[in-house]
Amino acid sequence: MAPKQDAKGCLSEFYRGIMRQKQIDHEASHANLINQYLHLWSSAIFLWCYATFAVDYRRAVYWGLFSLIIRQSGHYIFEPPCHDKEQAMLGFDTAKKVKIVLLYFTLPTVMLIQLTQWGRTKSFFTRYDIAVADLWLVATVAVVGGRTLFLWSKYGFLVSQHWLIKFVTDPFTDIPAYYRSSYQILSKKNLHFALHKSFPATFGLPEGMDENTQFNQHNNPHTGKRLVNDDGSVIGGIVEGTTIQRGVAERV
């Protein structure tokens, strides 16, 4: 029985590590109601992409990129500045996410346009029916795989898997976390407050609301330990334990 109990405990701890990453991500850059609403739609599209990928992966990739644009516009346009909070995340911060989106738009398209103009290369692309979606898919695997390998080398295998599984399952957990935004945003007062948080110089604070008003908490009340450098500066992520490679754990 002991090995089974140990395995169950390990799985439980692994699950808590994933959910802690989701909580950190929510607290860092998902406070704005408009951003939550856009994430709700984005997650719904991503789930459709997951469901149809095996049937028509190219269409799924195109819709996935469209969903990514919706998702990141919520961060870049509407979420208040949160760079400091994002340093606690294992994943990409908003600035890096925007660069990745721009990369998706430029690099594969430019590569395809250029490569298809060169004799044998053009024949190769034509013969194997290679489309922009194929290059975007390769770029996605490279970005996600590269980030996972980076986290593995820096914090260890388990922490890298916390982020990877958190990343893949975000659409599943975002919907129950943010579904209330679908009707909360219909309130003129709530929408005005969200715009105030995004553009305080343009939109005033609605009457009866204060600056600390929050919408739709992620409800992952997991505590943990945040990785910090020896000088006390945060290097990202939270894990259990007292020492993780180049980082030491500090209770938060």
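Is E27 buried, partly exposed or exposed? In this predicted model, E27 counts as partly exposed, because its relative accessibility is 47%. The residue is found in helix α1, and its side chain makes a polar contact of 2.7 Å with the side chain of Q23. A28, also placed in helix α1, counts as buried, with a relative accessibility of 4%. Along the chain, A28 and E79 are 51 residues apart, and their C-alpha atoms are separated by 9.8 Å.

The overall composition is as follows. The secondary structure of the protein comes to 10 helices and 4 strands. Of the 252 residues in the protein, 43% are buried. The accessible surface of the protein comes to about 14300 Å², and carbon and sulfur atoms account for 64% of that area. Among contacts with a separation of 6 or more, 66% are between residues 24 or more positions apart.

The loop between α1 (2-29) and α2 contains H30. With a relative accessibility of 3%, H30 counts as buried, since the limit for that class is under 20%. A polar atom of the H30 side chain lies 2.8 Å from the backbone oxygen of D25. The side chain of H30 is also joined to that of H75 by a polar contact of 3.5 Å. When neighbours within four places in sequence are left aside, the contacts of H30 are D25, N35, Q36, H39, H75, E79 and Y178.

Helix α2 covers residues 33-52, a run of 20 residues. The distance from its first C-alpha to its last is 29 Å, close to the 28 Å expected at 1.5 Å a residue. The N-terminal end of α2 is capped by N32, with a side-chain oxygen 2.9 Å from the backbone nitrogen of I34.

Nonpolar packing was examined next. In soluble globular proteins, nonpolar side chains tend to be buried together. The largest nonpolar core in this model has 14 residues, and L33, I34, L38, F78 and F215 have the most contacts inside it. Two or more residues of this core come from each of α2, α3 (57-78) and α10 (188-198). The largest contribution is that of α2, which gives 5 residues. Another core, of 11 residues, lies apart from it and includes I100, Y104, V132 and W136. F215, one of the residues with the most contacts inside the largest core, touches L33, Q36, Q184, N190, F193 and M209 when residues up to four places away in sequence are not counted.

Aromatic rings were treated separately. A pair of aromatic rings is described by the distance of the centres and the angle of the planes. A search of the whole structure finds 8 aromatic pairs. One of them, formed by F78 and F199, is edge-to-face, with 6.3 Å centre to centre and 75 degrees between the planes. F78 lies in helix α3, whereas F199 lies in the loop between α10 and β1 (225-228), so the pair ties together parts that are 121 residues apart in sequence. F78 is buried, because its relative accessible area is 18%, while F199 is partly exposed at 31%.

The pair of W163 and F167 is stacked, with 5.3 Å centre to centre and 25 degrees between the planes. Both residues belong to helix α8 (residues 157-178), and because they are 4 residues apart, about one helical turn separates them. An α-helix has 3.6 residues a turn, so residues three or four places apart point the same way. W163 counts as buried at 4% relative accessibility, whereas F167 has a relative accessible area of 38% and is therefore partly exposed. Ring pairs also link W48, W63 and F66 into a cluster.

How values were computed. Residues numbered from 1 in each chain as written. Predicted model: local features only at pLDDT ≥ 70, side-chain atom pairs only at ≥ 80, totals over all residues. Heavy atoms only, no water. Expected span 1.5 Å × (residues − 1). Polar contact = N/O pair within 3.5 Å; in protein donor to acceptor, adjacent residues only side chain to side chain. Buried < 20%, exposed > 50% of the residue type's maximum accessible area, 1.4 Å probe, protein only. Contact = heavy atoms within 4.5 Å. Core = buried A, V, L, I, M, F, W, Y, C linked by side-chain atoms within 4.5 Å. Areas by Shrake-Rupley, 256 points an atom, 1.4 Å probe, with all protein chains shown as cover. Phe/Tyr/Trp six-rings, centres within 6.5 Å; stacked < 30°, edge-to-face > 60°.
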